[in-house]
Amino acid sequence: MFRNQYDGDLALWSPQGRLFQVEYAMEAVNLGTAAVGLKTEELAVLVALSKPSTELSVSLPKIFPIDVHMGISIAGIMSDAQVISKYLRTECLTFRHTYNSAYPVTRLVNNLGNKMQVNTQGHRSRPFGVGLLLAGYDEKGCHIYQIMPSANVFNCKAMAIGARSQGARTYLGRYQVLFPSSSKDEIICHGIHAINAAHPIDEKLNITIGIVGKNQPFKLLSAEECSAYQDMCNIGDVPHDPTSNETELDEASNNER
């Protein structure tokens, strides 16, 4: 049985129980430039790579403001991301006009997942070819959500998506114990170190940073502020691994035995 016998229609299942068109949409996310999201107890940060500018083109930012309390970072097809960002902004504006308050982050993310899921079970449209990291703050605290073309929604402590994002996820998993108690500058530096792990060595690091949190409306940092943070973080100097002390203690105890 050949794969192309079952990938010509979105609603056609393979004998192995797979929807290949949805899997192809997931691959579009893996081909996009990397994005990282992480949070402290009072601040959520998005850091995204942008393709370097050339003489004939200017790089597009991969972080979109949605409302004063949330924003998204994308990996995948830019036009699909613009459709989703327009939907999210419309929902937030409608909710604020109706109830005079900010849209609860969890409810909005679940509604977005429902909207994206409709595109995975019909013939009229294809799945969205974009993955999202949504950072927000509401009365329940800071949030980082991952939303994928398969309509799966994950509530994360930290996450990275896009091309070569495995290195960034490895960094986030290693240092996640430090994130809740980190300061604003420290958590941004952790985000920069993580995105650097997914950055091609032969290209200049070109990033966009967005922050939101308690008493901090969503804000995109300027190019000058991003450059200042890169200089402050000393990208070549990786922070001390918090798990190394535990490993050394374990080795010492084993030697004593």
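Biologist: What is the order of strands in the open sheet, and how are they paired?

Modeller: The order is E3-E4-E5-E6-E7, five strands with antiparallel pairing. Strands here are DSSP runs of E with at least two residues, helices are runs of H or I with at least four, and both are numbered from the N terminus. This is a predicted model, where local features need pLDDT of at least 70 and side-chain atom pairs count only at pLDDT 80 or more, while totals for chains, interfaces and linings use all residues. Residues are numbered from 1 along each chain as its sequence is written, and side-chain values use heavy atoms, with hydrogens and water left out.

Biologist: Why do E3 and E7 stand at the edges?

Modeller: Strand E3 (63–67) and strand E7 (153–156) each have a single partner strand, so one side of each has no neighbour in the sheet. From one strand to the next, the twist averages 25°.

Biologist: How do you know that E4 and E5 pair?

Modeller: Pairing takes at least two DSSP bridges between two strands. Strand E4 (residues 70–76) and strand E5 (residues 130–138) have seven, in the antiparallel sense, so they count as a pair. As one landmark, Ser73 stands opposite Leu133 in E5.

Biologist: And what lies across E3, E4 and E5?

Modeller: Helix H2 (residues 78–99), running at about 15° to E3. Angles run from 0 to 180 degrees between N-to-C directions, with axes fitted to C-alpha atoms, for helices over the stretch in contact.

Biologist: What describes the packing of H4 and H5?

Modeller: Their axes come within 7 Å and cross at roughly 145°. In H4, Ala168, Tyr171, Leu172 and Tyr175 meet His190, His193 and Ala194 of H5.

Biologist: Which residues touch the most other members of the largest nonpolar core?

Modeller: Val45, Leu172, Ile188, Ile207 and Ile209, out of 29 residues. To be such a core, a set needs buried Ala, Val, Leu, Ile, Met, Phe, Trp, Tyr and Cys residues joined through side-chain atoms within 4.5 Å. H5 gives the most to this core, with six residues. Apart from it lies another core, of 25 residues, with Ile66, Met70, Cys92 and Tyr145 among them.

Biologist: What makes the phi of Asn100 stand out?

Modeller: It is positive, about 55°, although Asn100 is not a glycine. Most residues other than glycine have a negative phi. Asn100 is in the loop between H2 and helix H3 (105–118).

Biologist: Is Asn100 buried or exposed?

Modeller: Asn100 counts as exposed, because its relative accessibility is 68%.

Conventions: Contact = heavy atoms within 4.5 Å. Buried < 20%, exposed > 50% of the residue type's maximum accessible area, 1.4 Å probe, protein only.
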